[in-house]
Amino acid sequence: EHMPAASARDAVDGVRPQMVIEPGSPEEVAAALKIATGAGLAVIPRGGATKMDWGNPPRRGELVLSTRRLNRIVEHAWGDMTATVEAGCAFQQFQQTLSQHGQRLALDPLWPEQATMGGILATNDSGPLRVRFGSLRDLILGVTLALPDGTLAKSGGKVVKNVAGYDLPKLATGSLGTLGIITQAIFRLHPVPRESRTLSFSCPDHKSMNALALAIQDCNLVPTGVQARAAYNLPPEIDLRFEGTATGCEAQIEQTLGMASGVRRIESPAELWDACSILWNGAETSVVCKFTLLPADLGIYIDQIRKELEPRGMRWRLVAQAVGAGYLRMEVGDPKLLPDVLGPMRNQLESRGGSLVILRCPLALKSKIEVWGSAGDALPLMKSIKAQFDPTATLNPGRFVGGI
């Protein structure tokens, strides 16, 4: 009953598998991978299926291995502020359990109701809280990986200061399931804040927006979110979030208001931290990209977006974090224009040490452009690691950087 035939909804970028497998334990995941490898079958891992259209189209994929049944919270060591969770547990379910002891995983990924812990790790999905608590690689303490040869590999442990074994947790984070299937993970936790305050500022132009964001980072404020928003038909805005005691939040807000000369404070609903509603909702044909850049270059990048997109009649929206990463949505009337637009935008970012990764786009575009961009001189090393972990290319063949 846990091995149904695949249907059209199980297809990944036009590749339809033959069967879906739903193991109930890490050992079953490892056993299934061993059998698939021996039979020469390609396996596509799946968690909550919120990001199955990320990455290149798979070269092939006979089996989908779902972690749906691996949904337990194995241990919440609240005294040590760590927790062990299976890969198929939804993020929101995990947070609700942790909150019973006043704790949380200081992370705000996309689609928290459906996204699973394994999928969040595999795609390295971090949000605005990263500016205060670090990325996923800073929060993960240990991981269990099922490898294609049937091995269950474990690394790390249940304490914050841990150097046991090869650093599999950081290697698996962001690997898109190409090295092994994450079955369990251990995270460090933080207290749930007593209060949370958000304030926003409307800026007259991108230069003043960038100046305010950099000034906030350079002072002694400790925000848990610094976010810039811009769009084709709106003035740029800066959002700030402070957490802690009510007195502490108000003191930081007062200091911020003293710094924010030349900009206008506006109403700031909590929903503005929800990148999903800002960027992914809508019926228009669209492309959503993730970009990285130096924080000081954000204003320059927005000016380039206007220069490239608006003369072509393309609407756009952008959300960027203070750490120099963000999302860009482009709504396109004619998809044939996209390669000519994306090329210069990507080249500009890469020439200054940044990157542009296409997360969501029409399938026809994926055959014309590399969604990941340039891997630089890291690609030979990445291919060597892939050969060590998955020499038969069983897992997600072709979906990662450079066709790995």
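Residues are numbered from 1 along each chain as its sequence is written, and side-chain values use heavy atoms, with hydrogens and water left out. Because the model is predicted, local features need pLDDT of at least 70 and side-chain atom pairs count only at pLDDT 80 or more, while totals for chains, interfaces and linings use all residues.

Trainee: How many salt bridges does the count come to?
Mentor: Side chains of opposite charge can pair when their charged atoms come close. The rule asks for a side-chain nitrogen of Lys or Arg within 4 Å of a carboxyl oxygen of Asp or Glu. By this rule, the count of salt bridges is 22.

Trainee: How many residues apart in sequence are the parts that R104 and E243 tie together?
Mentor: The side chains of R104 and E243 form a salt bridge, at 2.6 Å from N to O. R104 belongs to strand β6 (residues 103-104) and E243 to strand β13 (residues 234-244), so the parts tied together are separated in sequence by 139 residues. Strands here are DSSP runs of E with at least two residues, helices are runs of H or I with at least four, and both are numbered from the N terminus. The separation asked for is 139 residues.

Trainee: Are R104 and E243 buried or exposed?
Mentor: Relative accessible area decides this, with a 1.4 Å probe and protein chains only: under 20% is buried, over 50% is exposed, and in between is partly exposed. On that scale both R104 and E243 are buried.

Trainee: Which residues join R104 and E243 in one network?
Mentor: R329 and E331 form another salt bridge, the closest N and O atoms being 3.2 Å apart, and both residues are buried. Salt bridges that share partners link R104 and E243 into one network with D108 and R241.

Trainee: How many disulfides are found in the whole structure?
Mentor: A disulfide is a covalent bond between the sulfur atoms of two cysteines. The search takes a pair of cysteine sulfur atoms within 2.5 Å. The number of disulfides found in the whole structure is 0.

Trainee: Which element gives the most residues to the lining of the largest cavity?
Mentor: A cavity is a set of points, on a 1 Å grid over the protein atoms alone, where a 1.4 Å probe fits but cannot get out, and lining residues have an atom within 4 Å of a point. The largest cavity has a volume of about 320 Å³, the volume being the space filled by probe spheres set on points joined across faces, edges and corners. Of its 25 lining residues, those closest to the centre are P45, R46, G47, G119 and A122. The most, 4 residues, come from α3.

Trainee: How many charged residues are in the lining of the second largest cavity?
Mentor: This cavity holds about 110 Å³ of space, and the 16 residues of its lining include A213, A228, L298, Q321 and A322, the closest to its centre. Ala, Val, Leu, Ile, Met, Phe, Trp, Tyr, Cys and Pro count as nonpolar, Asp, Glu, Lys and Arg as charged, and the others, Gly among them, as polar. The lining has 11 nonpolar residues, 5 polar residues and, for charged, none.

Trainee: What is the phi of A393?
Mentor: Most residues other than glycine have a negative phi. A393 lies in the segment after α13 (379-389) and is partly exposed at 22% relative accessibility. Although A393 is not a glycine, its phi is positive, at about 55°.

How values were computed
1 Å grid on protein atoms, 1.4 Å probe; cavity = no way out; pocket = protein on both sides within 12 Å on 5 of 7 lines; lining within 4 Å.
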